[in-house]
Amino acid sequence: MNTFTRETKLTLFYILFAFTFSVLMRLIWVYQFSGTEAFIFNDQFMINTNDGYTWAEGARDLVSGISQPNDYSPIGLATSQLTAFMIIILPFTFETIIFYLPVFLSSLVVIPIILISKVLKNLEMGLIAALLASIAWSYYNRTMSGYFDNDMLNIVLPMFLLWSIIWAVQTKQNIYLLLTALDILVYRWWYPQSYSLEFSFFGLILVYTLIFDKKNIFNYKLLAIMMFAMMDTSGYIRLGLVGITFYIFSQNRFDKYIYYILALAIVSFFISGGFNPIWAKLSIYVFTDSIISSDEGLKLHFFAVMQTVREAGHIPFETFANRISGHTITFVLSLLGYLYLSYKHKIMLLALPLVGLGFLAIVGGLRFTIYAVPILALGIAFLITEISKNLPTQKMKILSMILFTLAILYPNYKHIEAYKVPTVFNSTEVKALDKMKSIADREDYMIAWWDYGYPIRYYADVKTLSDGSQHEGHINFPVSYMLINTQEKAAKMARLAVEYTESNFESNRTGSTIEQMTLDYAFKDTNKFLSALKSNIKLPKKTRDIYIYLPYRMLNIVPTVALFSHMDLMTGKKKQNPFFYVSRQFKDSNSKIDFGRGIVLDKTTSNITVGTQVVPINRFVKTSYDKDMKLHTDVQVINTTANINVIFMSNYNTFLILDEKMYNSLYIQLMVLENVNSELFEAVILNPNVKIYKLKV
């Protein structure tokens, strides 16, 4: 009894120590940016992930009790619900809670790591692994201060699931049957895409049982109750089935029926459609096409957004290794350590689904690396404890563990110190959006590129056409078209896109609004319909106001935005993108300006060299703000037949080199030059960081 009490106290101390360490490391960002006014709104730091604003919107609407239909507010999803609960019970402001919640929730990962080591009789391994896993690159990046996203529990919950599975298999106690099933229910509630990992755990337990423990009836009970918890049906139904199954398994007289119950559970899982989403979800990240076409109607072709999402792209091995363990050497040793750990404790083979999902990052993108972090941390920690225990004295054992631990932590600490991620928006942008609450109605729309959809909805409380979850090719096309085309075309497309979107809500139609527009205007070729926007076509009846959000920060992604509308929708063939180049690291000499990448302007001849071509420029434009933040433009027309223009945004110390199409685009004309067609748009908010215009048609 005394040994147990001492072990329990030591376990709790290690958990508290590792949790505190994890929290303190995440406060380094707060210390670094203390007093940075651009990152603060309502006396608190703003969050630094776009997706966080959708959960914040849902929590806001749950707390206020106000949410209109078709606004995409995620009031039914776990992250918003848990946040709303925290806001109600905690004596802190909304902004404080969403900023610091990931700091504390993500640090809970140390608990299952240490509890797993407890069942393996190696608490020191658990402590070392918890310290490393809690601050490893990819885990820190996605759970740092202000990274308000479901990632704050996306590793914590599967690690608790792994812990309950390991303890169930090791102890054969019925309580862990229930805990495992409840872990699955909670994990599915928190992260509906968890089915692939849950199914992988089931498969590994089945294989483990058949190879190492096939006569153990307890393992079949575990598999059966997991299947019922994993069914693709209501959480309440699954909870009821889990409760009934647990009661049956608690009665030994039903043991003779276990194989029939397992068979029933497996059949119920497949009948409920439990396997259907697994392949579909993984294929989104592993097998991505650049062009997605519709299967019906005009069979239009659209550019796939996954081609532009960095977290879904292939990554170099060094990046892969660093994100999991902090250093390539640490990663290699961690992998060897995990193999050795699994050899010594075969139960750790059940962690393979997490390792496998982490390794999927090699082909599926960096977002997956986070899953392998805690398991490989256990691997390197096991190596350290194995080496240390063979040393001759207790003092040397402790000292070696400390030194080795500091060695594997140091690269991760240096990463944290250097990882100075800014907030999603700066305070000027947020103040502009906050002001829109008193200008726009909740049913009005604000059109912007999908990257900015969530923050716009949260701060301005309006509707958007696209956001972090609504950004399929057919949704992005009209937004891209508006931003890259002329004001006339953009104005018409804005009214069409919004009214057709609302019409779809009313009629429960899905699919491409562009296709519907084409057919409704009696065209069979979408290209001809788009050309008709030059003419005086009749627009739908106005049902709400529309605002256009144009941030300066979008300059960096203009070429990416253009990809979505510069293609033939009928054939899927990509058109030549307009020429657009941003230069902030230029060299200005007496006779030339070198913009980089082989682009040089000759001041004496007004010719510009682009690669191997030397061509005249059409215009040289200089923009500047006076002390009242009013924009002034100085336009020098040099050669009206030329296709290339140069814009010097003096206050930003930025040059734009762009062709006529981009020069005449909505984004350049309204954001960069404030050259507005007063018949189509009127300015609402103008400042150097963001311009907001109201549509007048």
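Author: Two strands are said to pair if DSSP finds at least two bridges between them. In this predicted model, strand S6 (residues 546-551) and strand S17 (residues 690-695) are joined by 5 bridges and run antiparallel. Strands of a sheet pair through backbone hydrogen bonds, and the pairing may be parallel or antiparallel.

The pair belongs to an open sheet of 4 strands, whose order is S5-S6-S17-S16 and whose pairing is mixed. Strand S5 (445-447) and strand S16 (681-686) stand at the edges of the sheet. Each of these has a single partner strand, so one side of each is left without a neighbour in the sheet. On average, neighbouring strands of this sheet are turned by 30 degrees against each other, with direction ignored.

Two helices accompany the sheet. Helix H23 (residues 427-436) lies across S5, S6, S16 and S17, and runs at about 25 degrees to S17. Helix H26 (residues 487-507) likewise lies across S5, S6, S16 and S17; the angle between helix H26 and S5 is about 135 degrees.

Let us now turn to two serines. Ser-583 is found in strand S7 (residues 580-583). Buried means under 20% relative accessible area. Ser-583 counts as buried because its relative accessibility is 2%. Its side chain reaches the backbone oxygen of Phe-595 at 2.9 Å. When neighbours within four places in sequence are left aside, Ser-583 is in contact with Phe-595, Asn-653, Thr-654 and Phe-655.

Ser-145, by contrast, lies in a loop, between helix H8 (137-141) and helix H9 (151-154). Its relative accessibility is 0%, so Ser-145 also counts as buried. The side chain of Ser-145 reaches the backbone oxygen of Arg-26 at 2.3 Å. With neighbours within four places in sequence again left aside, the contacts of Ser-145 are Arg-26, Leu-27, Val-30, Asn-48, Phe-99 and Val-103.

Technical notes:
Residues are numbered from 1 along each chain as its sequence is written. This is a predicted model: local features need pLDDT of at least 70, side-chain atom pairs count only at pLDDT 80 or more; totals for chains, interfaces and linings use all residues. Side-chain values use heavy atoms; hydrogens and water are left out. Buried means under 20% relative accessible area, exposed over 50%, partly exposed in between (1.4 Å probe, protein chains only). A polar contact is a pair of N or O atoms within 3.5 Å; within protein, one must be able to donate a hydrogen and the other to accept it, and residues adjacent in sequence count only if both atoms are side-chain atoms. Contact means heavy atoms within 4.5 Å. Axes are lines fitted to C-alpha atoms, for helices over the stretch in contact, and angles run from 0 to 180 degrees between N-to-C directions.
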